[in-house]
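Work through the exercises below with the sequence and the model at hand. Each task is followed by a stepwise solution.

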Amino acid sequence: MIRVLPENVVFAARPDERVVDAVRRAGYRLPYTCRRGGCGACLAWLEAGAVDYPSAVAEELLDTAHSGPGSTGRPCLPCQAVPRGDVTIRLGAGRRLVRIFGGGTGSAASGGTDGY
């Protein structure tokens, strides 16, 4: 399961599915640009759990990023991150999930309000 904060939205990920793809399949969109792990537009904070990066990412983005207010997590690039079990990700300051449609085969459930 993937939990995205601050909205507290929870949904399932398929095996070997990148976080950004699971988010889109659940009917949401989060900020991203290149989808290669090189630009940092999707930078978020891994608050709990672990992820793998099956493709090379810009390590300097992960090494130089500082956690935002209210975050205790490690830098994470959701466009390339593949969860290893349950994860909690906090979007950066000013970034939010946007509900784009009703979702596909994923079962999204909000633990709070998603504001849309």
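**Exercise 1.** Which residues form a nonpolar patch on the surface, and with about how much accessible area together?

Solution. The model is predicted, so local features need pLDDT of at least 70 and side-chain atom pairs count only at pLDDT 80 or more, while totals for chains, interfaces and linings use all residues. Residues are numbered from 1 along each chain as its sequence is written, and side-chain values use heavy atoms, with hydrogens and water left out.

- Step 1. Apply the patch rule: patches are made of residues with over 30% relative accessible area and no salt bridge, like charges being joined within 9 Å and nonpolar side chains (Val, Leu, Ile, Met, Phe, Trp, Tyr) within 5 Å. Accessible areas come from the Shrake-Rupley method with a 1.4 Å probe, and for residues only the protein chains shown count as cover.
- Step 2. The nonpolar patch consists of V98, I100 and F101, which together have about 230 Å² of accessible area.
- Step 3. Strands (E, at least two residues) and helices (H or I, at least four) are DSSP runs, numbered from the N terminus.
- Step 4. Classify V98: buried means under 20% relative accessible area, exposed over 50%, and partly exposed in between (1.4 Å probe, protein chains only). V98 is partly exposed because its relative accessibility is 36%.

**Exercise 2.** How many helices and strands are there in the protein, and in what order do the elements run?

Solution. 

- Step 1. The protein has two helices and ten strands.
- Step 2. Read from the N terminus, the order is β-β-α-β-β-β-α-β-β-β-β-β.
- Step 3. For burial, the protein has 116 residues, of which 41% count as buried.
- Step 4. Take W45 as a case: W45 is in strand β4 (residues 44–48). W45 counts as buried because its relative accessible area is 6%. The C-alpha atoms of W45 and T88 are 8.4 Å apart, with the two residues 43 apart in sequence.

**Exercise 3.** How many salt bridges does the structure hold? Describe some of the pairs.

Solution. 

- Step 1. A salt bridge is a side-chain nitrogen of Lys or Arg within 4 Å of a carboxyl oxygen of Asp or Glu. The structure holds four salt bridges.
- Step 2. One of them pairs E7 with R96 at 3.5 Å, N to O. This pair links distant parts of the chain, 89 residues apart: E7 is in the loop between β1 (2–5) and β2 (9–11), and R96 is in the loop between β8 (87–91) and β9. E7 is buried because its relative accessibility is 3%, whereas R96, at 39%, is partly exposed.
- Step 3. Another joins R84 and D52, with the closest N and O atoms 3.5 Å apart. Here too distant parts of the chain are linked, 32 residues apart: R84 is in the loop between β7 (82–83) and β8, and D52 is in strand β5 (residues 51–52). R84 is exposed, with a relative accessible area of 51%, and D52 is partly exposed at 36%.
- Step 4. R25 and E17 also form a salt bridge, their closest N and O atoms being 2.8 Å apart. Both R25 and E17 are buried.

**Exercise 4.** With which side chain does the side chain of Q80 make a polar contact?

Solution. 

- Step 1. A polar contact is a pair of N or O atoms within 3.5 Å; within protein, one must be able to donate a hydrogen and the other to accept it, and residues adjacent in sequence count only if both atoms are side-chain atoms.
- Step 2. The partner is the side chain of R18, at 3.1 Å.
- Step 3. Q80 is located in the loop between β6 (74–76) and β7. Q80 is buried because its relative accessibility is 4%.

**Exercise 5.** Over the ring of which residue does the charged end of R99 sit?

Solution. 

- Step 1. A charge sits over a ring if NZ of Lys or CZ of Arg is within 6 Å of the ring centre and within 35 degrees of the ring normal.
- Step 2. The ring is that of Y28, and the charged end of R99 is 4.7 Å from its centre.

**Exercise 6.** Which residues does a cis peptide bond join, and what is the phi of N8 and of D16?

Solution. 

- Step 1. Most residues other than glycine have a negative phi, and most peptide bonds are trans.
- Step 2. The cis bond joins L5 and P6, with omega about 15 degrees. P6 is in the loop between β1 and β2.
- Step 3. N8 is in that loop between β1 and β2 and has a positive phi of about 60 degrees, although N8 is not a glycine. N8 is partly exposed, with a relative accessible area of 23%.
- Step 4. D16, also a residue other than glycine, has a positive phi near 65 degrees. D16 is in the loop between β2 and α1 (19–25), and is exposed because its relative accessible area is 68%.
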